Amino acid sequence: MSYSLGRIFDSGLVVALFQFNFRKFIHPILVNFHGASVIRLNSLFLLTQSYAIGPTMAKSSFEYVKKFESSDVCLPSSWIVVRLDGQGFHKFSEKHGFQKPNDSRALALACRAAERVMSRHPDIVIAYGQSDEFSFVFRRSTEAFNRRASKLSSTVVSLFAASYVFEWPNFLPNVTLLYPPAFDSRVILYPTNRTLRDYLSWRQADCHINNLYNTCFWRLVQDASLTTTEAEERLRGTLSSDKNELLFSEFGCNYNNEPELFRKGTVLFRNKICLNEQKRPLSNRSIKYGSPT
């Protein structure tokens with residue numbers, strides 16, 4: 001086995017380029033592989049691949065490995081929903097001092113990140129968000145990424161997370177981002193307008209239920225000086241009517257007067273605006289809102 005040594009740096013890093021044969025090096029992997037490089041750093045050997053994967057690979061004997069990729073093409077003529085959720089956001093919100101039960105700055109930040117996602121992907125016709133989650137609805141006829149679920153999911157969640165970090169200083173300028181937030185995502189298909197509508201209604205109902213509970217919980221903790229355990233026990237088994245009565249009778253709070261942003265969440269959608277011959281917007285009476293199909 002021949003090799004040529006690279007430069008030896010002051011840190012003790014030695015780079016050696018090998019003509020490497022995996023058949024002799026790793027018994028379970030019976031593949032001839034040329035052009036690997038081994039990096040020695042403080043007696044630690046790291047094997048890194050330097051094989052150029054390009055157009056030639058598609059015509060090589062290694063092309064068969066593509067058969068191991070699973071097909072995840074979404075069904076045609078169905079609504080594609082990509083829903084993302086924050087991972088560990090209870091801890092994240094505590095570490096960064098988010099206001100309880102709702103922090104309008106953090107909600108505005110999430111909305112801005114969602115706007116960036118919609119700007120990048122014109123086939124997203126509507127998005128709904130609440131708390132640390134957002135749902136993005138792709139039109140039924142979309143051919144984005146050939147309707148591959150993994151591509152749609154990974155692209156949306158990565159852009160949202162990057163935008164969340166990128167826009168952070170604009171919405172929480174006095175709060176230092178201690179560590180990067182993480183979001184997971186999933187793809188759900190809905191075959192009809194009704195099922196899509198019911199999905200969005202379900203997420204909005206979830207927003208109402210959670211916000212009503214959190215509003216009561218933090219009133220008991222912040223205003224009534226209960227511990228979190230005592231507040232949980234106080235609310236155990238209560239209905240929505242009980243929570244509304246608690247807020248009004250003990251704290252003089254009418255839940256219906258709480259901001260709609262907290263009670264109902266946020267909806268982002270596109271308007272289709274008709275233009276006259278001079279390419280100027282018509283009056284508000286003449287604006288027609290496009291159907292998301």
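## A salt-bridge network

Asp-184 is partly exposed because its relative accessibility is 26%, where partly exposed lies between buried, under 20% relative accessible area, and exposed, over 50% (1.4 Å probe, protein chains only). Its salt-bridge partner is Arg-186, with 3.6 Å between the closest N and O atoms; a salt bridge is a side-chain nitrogen of Lys or Arg within 4 Å of a carboxyl oxygen of Asp or Glu. Arg-186 is likewise partly exposed, at 36%. A network of salt bridges links Arg-83, Asp-85, Asp-184 and Arg-186.

This is a predicted model, in which local features need pLDDT of at least 70 and side-chain atom pairs count only at pLDDT 80 or more, while totals for chains, interfaces and linings use all residues. Residues are numbered from 1 along each chain as its sequence is written, and side-chain values use heavy atoms, with hydrogens and water left out.

## Salt bridges across the chain

The count of salt bridges comes to 17. In one of them, Glu-133 pairs with Arg-203, the closest N and O atoms being 2.8 Å apart. This pair links distant parts of the chain, since Glu-133 is in strand E7 and Arg-203 in helix H5, 70 residues apart; helices (H or I, at least four residues) and strands (E, at least two) are DSSP runs, numbered from the N terminus. Glu-133 is buried, at 6% relative accessibility, and Arg-203 is buried with a relative accessible area of 6%.

Asp-72 forms a salt bridge with Arg-148, with 3.5 Å between the closest N and O atoms. Asp-72 lies in the loop between strands E4 and E5 and Arg-148 in the loop between E7 and H4, so the pair ties together parts 76 residues apart in sequence. Arg-148 is partly exposed, at 28%.

Ile-124 is found in strand E6 and is buried, because its relative accessibility is 0%. Beyond residues up to four places away in sequence, Ile-124 touches Val-117, Met-118, Phe-136, Val-137, Phe-138 and Arg-270, contact meaning heavy atoms within 4.5 Å.

## The largest pocket

The largest pocket holds about 780 Å³ of space. A pocket is an open set of points on a 1 Å grid over the protein atoms alone, where a 1.4 Å probe fits, with protein on both sides within 12 Å along at least five of seven lines; lining residues have an atom within 4 Å of a point. Of the 35 lining residues, Pro-101, Asn-102, Ser-131, Asp-132 and Asn-214 are the closest to its centre. Helix H5 gives the most to the lining, with nine residues.

Note on methods
Points joined across faces, edges and corners; volume = space filled by probe spheres on them.
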